[in-house]
Every structure is written in C-alpha cells, then in structure tokens.
Amino acid sequence: MGTNLPDAELVKRVQAGDSGAFDILVQKYQHKVINLVGRFVSDQAECQDIAQDAFVKAFRAIDKFRGDSQFYTWLYRIAANTAKNHLASRARKSPGYTVDVDDAEHFEGESGLKEYANPENLLLTEEIRATVFSAIENLPEDLKSAITLREIDGLSYEEIAEVMGCPIGTVRSRIFRARDVIDKELRPLLE
Amino acid sequence: MKERDEKLSYLLDDYADENTPGDLDEVIGDVNLQYRMRRYQMIGEVMRHELPPVIDTGFHAAVMARVAQEVGAAQERKPRAAFDSPAPTPLLSRGIFKPLAGLAVAASVAIVTVALWQPQNQDAGRPDAGLVAADQLKIQQLAEQKIAGSAVPVSTRVPTPGTRWKIDKESPALQQKLNAYLVNHTEYSNSVQGLIPQARVAGFDAQQ
C-alpha cells in the first residue's frame, strides 16, 4: 500500500484552515465510513446521518490529530464511536426496543425509503456495479491483472511490479489506463 | 491531460512525490478532477464490494455544507470573542491592587448595609427628636391660641328634630382643635391608622 502522504498533506492543509482539502478527504473516505457505520446501524438513512456527523466531528477535532496514526484509522475511530453513541442514545429515547452494540450488525431496525434511498439511487447503484464489472471483464489482460492486484489484493506498486515482472512505472501506467477505460463507461451514469 | 489524470490515479493510491503539494492544489481547485477522483475511488469500492447498498450522490456536498456552517460559526465567534475579552490590564493592577480593590468593595457594602439596617431596626416607628419638638411647639401654640370674644363650647351640637345633629363647623375654636388633633395624629403616627381620622373628617365635611 502507499504511504498515505497525500492524506497527511491534506490534513495539514485542513489544520491550516483549508476546508477544500477536507472535501477531498470526505470524497475519498465517504463510502468507507458509511460502510463502517452500516455495521452498527442497518437503517440506511440513519447510517448516512451518522456518517455525516462523524465527518463533522472529525472536522471539529482535526486540530487534535497529530498524525500518530493514519488519518483513516483516526476517522474510523470517530465514526465507530459516533455510531455507538447514536445507538446508546436511541436506546435511551425509545424504550420500545434496544440494540446492543455487539448485535448492531445483525439488527434489522426501522427501515424505509428516505430521500436519498429513492428508486433512482437504488437503480444507479446497481448500474454502477454492473458497469464496473462489465468494463473489467472487457479489459486487456495486463490492465485487468494490474487493477485487480491493486484494488482487490491490495498490493503495492512495488509488489505488483514484482508479480508482473515489469517496472514500477509500467504498473503505475497500467493501473491508470485500467481506471481510465472503466471511467469512460462509468462517467455517463454519474453526470 | 492524460498525465494529470495519471497523477490523480497515483495520488489516489496514496503515493506521493515532490510534486504532490502542487497536484493536491490542482485537485482542490478543479471540480472535474474531483469528480474523476471519486469515480476512480468508486471503481475500487465496487471491485472490493465496498460500495454502500445505496449511493447518495449528495453526501459529500451535505457534509461540506455542515462544515461550511461550522467554519462560519467559528469565524463569527472569533471577532465576538475579541470584542468581549477585556483589554489587557497591567500586571501591577492585576496582582497587587486586586486584594485592595476587594477590600474597598467589601467596606462599601458593609457601610451601605449598616446605613440601611439602622433606621429599619432601631428607629422604626420612632419620629425624629427634632421634628417631635417642633411639632409639640406648634400644637401647643395652636391649642393655646385665644379666640376673640366669649368662650366657645367645645361641643357646638345644635339640637335638631330627629336623631341627627349638626356640628357648627364655622366655629373657629372647633377648627383650631380639629387642626391640632389632625396635626398631632398625622405627624405621630407611622401607620395607616394615623390617616383614618383625617379621612373621617374629610368624609364628614363632604357629607355636610
């Protein structure tokens, strides 16, 4: 994996007052945070709200982030605590049902389609999945291997270069070209 | 263009070099690059089955709107805090004169308390000695005032038919006595009762 230097640089900028840098961090980690919160709260609308709260809390506390851990690890802790606190406060507010934090992953709480979980967004999500998998299937073998080793196996550029028997520059280029090809298919869906 | 997008792909994989600060500037300042970065990010999430069940395309915008509110609120607080904070006081006035100022305030409070407490507890209901003497003199003068002519009986009740009777209110002697009586009662009484005779007389006069 990489060194997370871009994250450190972005955090430094946020600490210096550049909220635009925080926007990049939100875009980068939004789905990871939503997925994490989703392990505690099954209701998707609640999940989105809690994830938002977690990012806002992280923004408020970012001056206290000293870089001892990676930014995502720190953000992950904030998101997990926000979700746990939400569950605890919900249990206090509605004595009708209570959810233990450990059981949250399996808990089927109140669900329902809220604003963002409309049929269009559900369809869009499905289309994105289908498009990406279809585009990967159609990739040339060298590009497919490079992107798979990177995204699924989580290998570093150096490791991929060793596995594929090519220079690191070539790995970097192949990964980019794979992304670029898939992006051409994906872009019309998200515009 | 391709080179810029390749740099973006490289950045997304958390690789950095000496050009990283400049590349990040470019991403922060270019919405299209941000969209591209999000799509590259999404490709990896789909491949790792990390894409949320439903994608909210407005999520990051909603977060950033709240962050903007935080920033705005923080900026509002800053000047207000600067305005509210007292001007820096010299060390001498803060360190040495603070106990003296405290003592001065305590002494002032004590003086005011004693001044307010004394009349209420010691002199309550007791008229001032000087005023009493003056009033006594006045009453004495009024009471001893001689009326020209023959002596007038105190009661000037005039027999009238029936049970009703009249007071000759024109009688100067009666007026003098009444005045003395009223002055005496009004000045010496601190209570509401002291006003009652006056009220009765006024009522009586009105009836007449």
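**Exercise 1: the interface**

Describe the contact between chain B and chain A, beginning with the residues that take part.

Solution. In this predicted model, the contact draws 50 residues from chain B and 66 residues from chain A. The area buried between the two chains is about 5800 Å², with carbon and sulfur atoms giving 61% of that area. On the side of chain B, the residues that lose the most area to chain A are B:Asp14, B:Met47 and B:Phe59, which together account for 13% of what that side buries.

Turning to polar interactions, there are 25 residue pairs in polar contact between chain B and chain A, counting pairs with both residues at pLDDT 80 or more. The largest share of the side of chain B that touches chain A comes from α3(B), with 13 residues. The count of salt bridges between the chains is twelve, and B:Arg48 forms a salt bridge with A:Glu151, in which the closest N and O atoms are 2.6 Å apart.

**Exercise 2: the core**

Identify the residues with the most contacts inside the largest nonpolar core.

Solution. This core has 76 residues, and those with the most contacts inside it are A:Phe22, A:Phe55, A:Phe71, A:Ile128 and A:Val132. Helix α2 (residues 19–38) of chain A gives the most to the core, namely ten residues. Next, consider A:Phe22, whose contacts beyond four places in sequence include A:Phe55 and A:Ile62 as well as B:Val63, B:Met64 and B:Val67.

**Exercise 3: a helix span**

Solution. Among the buried residues of α4(A) are A:Phe71, A:Trp74 and A:Arg90.

Key:
Residues are numbered from 1 along each chain as its sequence is written. Chains are lettered from A and ligands numbered from 1 in the order in which they are written. This is a predicted model: local features need pLDDT of at least 70, side-chain atom pairs count only at pLDDT 80 or more; totals for chains, interfaces and linings use all residues. Side-chain values use heavy atoms; hydrogens and water are left out. A nonpolar core is a set of buried Ala, Val, Leu, Ile, Met, Phe, Trp, Tyr and Cys residues joined through side-chain atoms within 4.5 Å. Buried means under 20% relative accessible area, exposed over 50%, partly exposed in between (1.4 Å probe, protein chains only). Helices (H or I, at least four residues) and strands (E, at least two) are DSSP runs, numbered from the N terminus. Contact means heavy atoms within 4.5 Å. Buried area is the accessible area (1.4 Å probe) that two parts lose on being put together, summed over both. A salt bridge is a side-chain nitrogen of Lys or Arg within 4 Å of a carboxyl oxygen of Asp or Glu. A polar contact is a pair of N or O atoms within 3.5 Å; within protein, one must be able to donate a hydrogen and the other to accept it, and residues adjacent in sequence count only if both atoms are side-chain atoms.
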